[in-house]
Amino acid sequence: MRAWQRPEIPQLPGQSGAPWLYDTATETLVEAKPSAAARLYVCGITPYDATHLGHAATYLAFDTLQRVWLDAGYRVHYAQNVTDVDDPLLERATATGVDWRELAASQVELFRADMEALGIIPPNDYVAVTEVIDEIAAAVAQLWDAGIAYAVPTGDSIVDTTKFGTIGSAGSDIYFDIAAAERLVPWTLGEESNLARPEMLALSAERGGDPERPGKRDPLDPLLWRAARAGEPSWPSSVGAGRPGWHIECSVIALKELGTDFTVQGGGSDLVFPHHDMSAGHAAALSGHPLAGVYSHTGMVAYQGEKMSKSLGNLVLVSRLRAAGVDPRAIRLALLAQHYRTDWEWTDAHLDAAAARLTEWTAAFGSGARPGPMDARAVIDALRAALVADLDTPGALAVLDVAAAEAVDNPASVALAVAALLGVAL
Ligand code: 5CA
Ligand code: ZN
């Protein structure tokens, strides 16, 4: 699928080191040092109610990571999915009387425009689930053949069971067998999330799983393939007519575009369990290798006291702010003022502070800025040092605030660094 326009990223003199990132799996800071090109997968949107500031904050965090890699001299291969067929999208389409394909297409278009306005680096591979149905079905068949998947009868599937052979569903849903995977492949449940079973059960129920479903071997076993139902989209496939489960889509797209054991898998902390634990399990079962070296997660942006989410409807949309005349650079600076790993709450005051900062930085580093006593090279070194240390953007902003107040000997060089590393053209 088409992504969006790539922003200008100036090349700076000198170089960053490889960034250190907090890894959810080992619960430590690790150096995200690629052997050749950096390979990054970030979970994309389910296209409705895009693009709220929580989405924007998450994609901006991984944009910052890429800018540090680029500054450190690495090439970056970046892949992102679009969950353009899944229960929540279909439910919204039904509730609003819109065709699910139209809803997805229009929301992806809005997302592209927002990402472009915010100067977010686009993925090299932007892949919708509906583009890789065959690959996903083949992956499910592979898991079936390996004895890591099993069928659960549905009762309401519209698939004609007489038409299928020995593989898989033939009118049944197909599930991932966690216990079999743990026996057969180098993976264990919870190795990414580090959660205990009771927490897993609660989160599974909350985040798209079905621990109560009868017929499953383990309540936590996730759905790989949903057999066709009346009124739902489905595709013919080697595992019966149906559509993909959620986690397998990201495993298949990531493996297809990036290969195994890529540098960083990213997303919001709401995806740690079950989504990322299970996608890593599926990928290990398909490839025999770990999905990624580092599992990186962003904190949740709240609004009016609750996590900003489609289900609660407490959304601040990037497109609405833009339509109201807000400078996208101010949105960017407002989000960068928070550390990517902390949960925080959006208020208009964040935007006012960011707009004031933008004005000050433009005066201090923009064209026509007056030179002052501070060594610009030392400022750029401190900016780089902050970002390399687990993407400390609040630290980076503080460095620049001091430099703006004191004035630097080479304002243009600092403006260039702000453009390259923070994506804000002054
Ligand atoms: N399509 C799936 C991932 S495969 C999905 O979670 N889509 S989403 O539209 O719900 O979210 C898109 C991205 O934004 C995910 O990485 C998610 O973790 C992140 N996200 C969602 N809400 C917030 C929030 N309130 N704060 C920060 N990040 C968020
Ligand atoms: Zn995903």
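A polar contact here is a pair of N or O atoms within 3.5 Å; within protein, one must be able to donate a hydrogen and the other to accept it, and residues adjacent in sequence count only if both atoms are side-chain atoms. This is a predicted model, in which local features need pLDDT of at least 70, side-chain atom pairs count only at pLDDT 80 or more, and totals for chains, interfaces and linings use all residues. Residues are numbered from 1 along each chain as its sequence is written, chains are lettered from A and ligands numbered from 1 in the order in which they are written, and side-chain values use heavy atoms, with hydrogens and water left out.

View 1. Let's start with S16, found in the segment before strand 1 (20-23); helices (H or I, at least four residues) and strands (E, at least two) are DSSP runs, numbered from the N terminus. S16 has 9% relative accessibility and so counts as buried (buried means under 20% relative accessible area, exposed over 50%, partly exposed in between, with a 1.4 Å probe and protein chains only). Its side chain makes a polar contact of 2.6 Å with the side chain of D71. Not counting residues up to four places away in sequence, S16 touches V68, D71, A72, R384 and V388 (contact means heavy atoms within 4.5 Å).

View 2. Strand 1 pairs with strand 2 (residues 28-31) in the antiparallel sense, over four bridges; two strands pair if DSSP finds at least two bridges between them. Look for W20, which stands opposite E31 in strand 2. Four residues lie between the strands of this hairpin, and E27 takes a positive phi near 55°.

**View 3. Helix 3 and its buried side.** Helix 3 (residues 100-117) has 18 residues and reaches 26 Å from its first C-alpha to its last, close to the 26 Å expected at 1.5 Å a residue (the expected span is 1.5 Å times one less than the number of residues). Its buried residues are W100, L103, A104, Q107, V108, F111, R112, D114 and M115. They cover an arc of only 165° around the axis, which puts them on the same side of helix 3; the arc is that of the directions from the helix axis to the C-beta atoms. Among the elements that cover these buried residues are helix 1 (53-71), strand 4 (76-82) and helix 9 (318-323). At the N-terminal end, D99 caps helix 3, with a side-chain oxygen 2.9 Å from the backbone nitrogen of R101. Helix 3 is followed by G119, whose phi is positive, near 70°.

**View 4. R229 in its loop.** R229 sits in the loop between strand 8 (223-227) and strand 9 (242-244), and is buried, with a relative accessible area of 5%. Leaving aside neighbours within four places in sequence, the residues in contact with R229 include T154, D156 and R213.

View 5. Strand 12 (residues 301-303) and strand 14 run parallel, joined by two bridges. The bridge partner of A302 in strand 14 is E345.
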